[in-house]
Amino acid sequence: MSAVVPPIPQGNAQKGDAVHPGSPVTVNRYTPMKRLNHWITAASLILLALSGLALFTPSLFFLTGLFGGGQNTRAFHPWIGVVLFLSFFIFFFQLWKANLPERTDWIWLRKIKDVVGSHEENLPELGKYNAGQKFIFWSMTALILVLIVSGVMIWEQYFTQYTSIPVRRIAVLAHSIAAVLIICVFILHVYAAIWTRGTLRAMTRGTVTGGWAWRHHRKWLRELAARRKVGPAE
Amino acid sequence: MSGTMAEQPRTAVSNPPVRALAANFGEQDLVRRSATGSLPAPQRQLTPVAKLIDVSKCIGCKACQSACIEWNDTDPAVGVNAGVYENPHDLTDQMYTLMRFTEWVNPETSNLEWLIRKDGCMHCADPGCLKACPAPGAIVQYTNGIVDFIQANCIGCGYCVKGCPFNIPRISQADHRAYKCTLCSDRVAVGQGPACAKACPTQAIVFGTKEDMKKHADGRIADLKSRGFANAGLYDPPGVGGTHVMYVLHHADKPGIYSDLPENPRISPLVETWKGMTKYVGLAVMGFAAVGSIVHGIFGRANRVAREDEENAEKLVDGRPVPPPASEERAG
Amino acid sequence: MTNSWTDIRNTDLVVVMGGNAAEAHPCGFKWVTEAKAHRGAKLIVVDPRFTRTASVADFYAPIRQGTDIAFLLGVINHCIRNDRVQWEYTKAFTNASFIVKEGFGYSDGLFTGYDEEKRDYDRTNWDYEIGEDGFARVDPTLQHPRCVWNLLKQHVAVYTPEMVQRICGTPQDKFLRVAQMISECSTPTRTMTSMYALGWTQHSHGSQNIRAMAMLQLILGNIGVRGGGMNALRGHSNIQGLTDLGLMSHLLTGYLNMPTEQEVDYATYMQSRQFRPLRPGQTSYWQNYSKFFVSLQKAMWGDAARAENDWCYDYISKLDVPSYDILRMFELMNQGRVNGYICQGFNPLMAFPDRGKCTAALSKLKFLVTMDPLETETARFWENHGEFNDVNPASIRTEVIQLPTTCFAEDEGSLTNSGRWLQWFWPAATPPGEARKDIWIMSQIFLRMRELYRKEGGAFPDPILNLSWNYHDPNEPEAEELAKEINGRALVDLTDPADPSRVLVPAGKQVVNFSQLRDDGSTMCGCWIYSGCFNEAGNNMARRGTEDPDGTGAYLNWTFAWPLNRRTLYNRASADLQGKPWDPSRKLLEWNGTQWTGYDVPDIGPTSRPDQVMPFIMNQEGSARLFSRGMMRDGPFPAHMEPFESPVPNVLNPRMRGNPVARIFQSDVPRFGNSEEFPFAATTYRLTEHFHYWTKHNKVNAALQPEFFVEISHELAAMRGITGGGWVRVWSKRGSVKAKAVVTRRIQPLNCDGGRVVHVVGIPIHWGFTGAAKKGHSANTLSPFVGDANIETPGFKAFLVNIEPTTPPGVVS
């Protein structure tokens, strides 16, 4: 064939991403492994938030009841943190490349009003992740690092003897501030996923509709579509 | 409890009552209770008590340590000699008080002074441990000044350790609860002094009302000054609102020489921030984020995929023409 | 103690030397803090180590161990040269004015009469000139060149501050400061108390250490007064009771003494114990010796003791040597001449010197019986505990029988404290397991032996068969029965010698006190000095009255103090020759014109006139002895003697080694080391966390001081490459131990004669191979087998060792 092959758009498509014709078109967005990781991370984070908040403020101490009392809450919380840390960082290595910042991210950010107002038509075509998703990804990464490091320092049962009390005071303060922030990021993440209808199924079924991809991550869709024409994508 | 108060210790050396008494203070006398917002105000004010440790009379015999072990029925391990007289080597969940020994050469006289300080909970008027504690009722403060740990309520988080300006609480690795000197609240409640004071052969440890202890200290300080200790004084640090365990020091201008007794102890600003600002601002921010997103979710318009979007996707996959990629400049 | 613990609060100056009261007697030490708090008293500590006592002292001066005599004679010299003497007291109440025989002298560290061969003095010239009237000659003006005062002055003249520094290593300025503070107590209104313990007694010249301080206290006028005295701090709760009841091989009860084999009959025995007064009108209370002796014999053998048989004098064994002290007994064991040993409440494997020799001696026994509440090392001496007790059990044939006994808290009886108070106590707990009271065990042994003697006869069964044993339950006499027997009672109606119709004490009734004892067999008394403890008024030892008029600290209604409930011995000396108290604010006694009145029981006849009868009624002179005549084997005055193992030669006579008359067994001669091989001066001591080898069995004490260690200066540590908390090996000529090192500023090198630097190695004693604490080596592995020349108390306080870093026990380097 001598036909000129048009360049394949760069939409940060990852292994396992694919489009399937149909009505509507379905697009594979997350493999089962990624979804498993996500939900382990999500569940851990929720449990950590509940147990952490219980110890953060007396008004929420009642939440320790969910864990079988204060002693259990204190005992489980750091272990859940370890689970979160491990699952998140597997997740991290699966996703980090697609979350590297790009020029379009800045344009997207400048047009945040159009984002919130659902004026996609005014926004640039985006790859697999928009700047908001990338923000969530990177802030989660940073905060989890802070939380695990500071958390280990104040893990009374095993690790406190390795740091001085003044260091532990810094750690506990950092831990609580990071926790507040990660809960906010978490709320943003959940809200965005719900507000942007059609998103949740990416993490439940692993697929989105073609229309969802066209609307929000058109460059990514174009890449997948183009790859499909060029050769077997799978 | 009847309304009448049982006799309270009045002097440093009073003989305790020998008849059995009902506990003369309890739950109803709490002035502070950890992680408890709505503590009813106590109906009466108990006479503030204090333990006075006269470092200049202390001979470092460790009778206080044995009395503490015996009374609290703890079981410190038989350790090793580490080249010093401190044994155990530090406070532990089984050793609530510890003689700390410092060999200090007085630069003014070139004479060696063996400074022996009985370490243990200071029972701060403004207790950092209690401030830091997240477990309701795990740390309490009575109106007589005693700060007590209620192990039944303790969750073993170790926040009290970070809250304490004196490095006192210790967490048991066996039951994961915090332990420290209780000022023998169980003995004081029935008119007895703390076990350590009872055992102290030289009355370097005395117990009574805080007022009496300060008066007693004045006499001791005058005596020390007459013996050439010009800087003798009382250690009752204002940074924590004063303490209910006080020291008479021969060199009150240099508390640090007594095994790092803090010069000006206060609750760490980090702890204040953690338990103050961070808590309130954090709750506000999280609350705002949660409420904001709910409100926006209810009243705002969801971002929905349009029919047109699906069609465009189908066209794209089928290879039919679709709107071309927008020039990136378009948005620019 | 001449005074009592509670009296210490009356003092102006406490000198702790030869002891470490805060550490070893923390409860008694409270009276020092009382004196400091209420009288502004000062505390001086003189010790090779900066002790726990020093930590609360007003002044501390270092001293090389074993040189206390030089220091104290230096202070006496300072007082004499600076006219800091309580002259009226010294002249009236001491033998300062007595004239000593011609022929007495002192040179090159030796008194006249020394026989190097016999290692003994001929003491004939160490005595007073006796006048034609039979009394000692005196010169009240103190002008006579051979009066005691001038001899003393001459004797101490060599001990200048420079000399004190050369010998003791005490910097001159520090010595002078101490001497100055002490000398201020020469006024009648300032008193000083001396608190000492094993730091003075456990030397080959231990008795002379104490003599030196006693002499100093006399010239300061501090004996018999409130807040003064010579106060021996006894180590066990009842060790005072042990000596009082004569549990020593050369003593009977109440300091009556055992006959020697030369004293073949009662008359001969009494001849040297008549104690005629040496000055007119003096009491010489020992003139009553026969009353106490006969009453003791009646207590022992009842009706069998009769005038016709010399009150069973023959029943008492006679000494062929001065004493069968522990050192001699272990020497004899080691020689195979003693082959059975009943060891009651004692742990000699840890407590006697030269542990290697002790192990060897115990291994040669046929049988060893231990009676103890604890699993002692002695009971387990045959058991291999690695390097902590490296013996081969297969080679030891000694049969060991362990008899568990009650401990003090499970028993009833009395304990005699340092202040001579007999304090009754009641059991607080039930003994565990098969533990039995010592009395039960001893009774069983006695009853069974008596039965054997009854059946089988024997060489001389009479003392055993006739022993008085009239108890409610012969198997286990009750504490009160024994106490009553000790108090004594009338065996027949005791009538008033002046009015025979008047019965003073009806037959069978308790005597009021020893003044009612007689030497005609009409009274019995187990221990005369204790008489009065349990009379018809009841058990006076159980009294707990806290009345203390004028706050003297006497507490006459608290228990019972021997003698006669007297709290301060020689208390007559608290008043001057007119009977007026030296210090009216500290009155003890006062002469009201016809008799003595005051707050204590007078230590003199109640109507003895103050200007005629002198206070030291137990002495034939009536006065106290600055010059002790021939009563001590090593000299009428104390003189500087080095320890047998000393880092420096004796400055006064470099040829002299140790105490020239201390007993040395031939087998021990090769076991002494010298300063070339063993350059460091070691001393052993106790720590407040422990009581001897007992409390290491208690987990609490074990946790507070868990492991054997030695203490050295930073300088010595640097010299030998030793780090704090690391392991060191310490060895002497007799053995080697491993210990943790505590490197401390509390021990400083001492600069002695000719710039010699003496490094001190401090060795606490409390560890062994049984109990809850970490297994450890014991200090007595290192210490020499030599005792005090007069009383044979083993010397644990000054010997030589070497030291080096090493690997932990059980690890081969």
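## Helix packing in chain A

Helix 2 of chain A meets helix 5 of chain A through two sets of residues. Helix 2 of chain A supplies Pro78(A), Gly81(A), Leu84(A), Phe85(A), Phe88(A), Phe92(A) and Leu95(A). Facing them in helix 5 of chain A are Phe137(A), Met140(A), Thr141(A), Ile144(A), Leu147(A), Ile148(A) and Gly151(A). By class, this contact holds 11 nonpolar and three polar residues, with no charged residues. The model is predicted.

Two packed helices are described by the angle between their axes and the distance between the axes. Here helix 2 spans residues 70-95 of chain A, and helix 5 spans residues 131-153 of chain A. Their axes come within 10 Å and cross at roughly 145°. The crossing of helix 2 of chain A past helix 5 of chain A is left-handed.

## Which chains touch

Two pairs of chains touch, and chains A and B make the most contacts. Chain A and chain C do not touch. The nearest C-alpha atoms of chain A and chain C are 21 Å apart.

Chain B does contact chain C: 33 residues of chain B meet 37 residues of chain C. On the chain C side, helix 2 (30-39), helix 19 (699-704) and strand 27 (736-744) each give two or more residues. Helix 19 of chain C gives the most, with six residues. The side of chain C that touches chain B divides into 18 nonpolar, nine polar and 10 charged residues.

## Domains of chains B and C

Chain B is divided into domain 1 (27-266) and domain 2 (278-331). The C-alpha centres of these two domains of chain B lie 60 Å apart.

Chain C is assigned domain 1 (5-235), domain 2 (438-475) and domain 3 (666-805). The C-alpha centres of domain 1 and domain 3 of chain C lie 28 Å apart. Their contact takes 23 residues from domain 1 of chain C and 28 residues from domain 3 of chain C. On the domain 1 side, the elements that give two or more residues are helix 1 (21-24), helix 6 (161-168), helix 8 (198-201) and helix 9 (206-219) of chain C. That side of domain 1 of chain C has six nonpolar, 12 polar and five charged residues.

## A three-stranded sheet in chain C

Strands of a sheet pair through backbone hydrogen bonds, either parallel or antiparallel. In chain C, an open sheet of three strands has the order 10-11-12, with parallel pairing. Its edge strands are strand 10 (340-344) and strand 12 (399-404) of chain C, and each pairs on one side only. The twist averages 10° from one strand to the next.

Strand 11 of chain C covers residues 367-372. Six bridges join strand 11 of chain C to strand 12 of chain C in the parallel sense. Val369(C) stands opposite Ile401(C), which lies in strand 12 of chain C.

Definitions and conventions
Residues are numbered from 1 along each chain as its sequence is written. Chains are lettered from A and ligands numbered from 1 in the order in which they are written. This is a predicted model: local features need pLDDT of at least 70, side-chain atom pairs count only at pLDDT 80 or more; totals for chains, interfaces and linings use all residues. Domain bounds come from an automatic or database domain assignment. Two strands pair if DSSP finds at least two bridges between them. Helices (H or I, at least four residues) and strands (E, at least two) are DSSP runs, numbered from the N terminus. Axes are lines fitted to C-alpha atoms, for helices over the stretch in contact, and angles run from 0 to 180 degrees between N-to-C directions. Two residues are in contact if their C-beta atoms, placed from the backbone, lie within 7 Å. Ala, Val, Leu, Ile, Met, Phe, Trp, Tyr, Cys and Pro count as nonpolar, Asp, Glu, Lys and Arg as charged, and the others, Gly among them, as polar. A crossing is left-handed if the near helix is turned anticlockwise from the far one by less than a right angle, and right-handed if clockwise.
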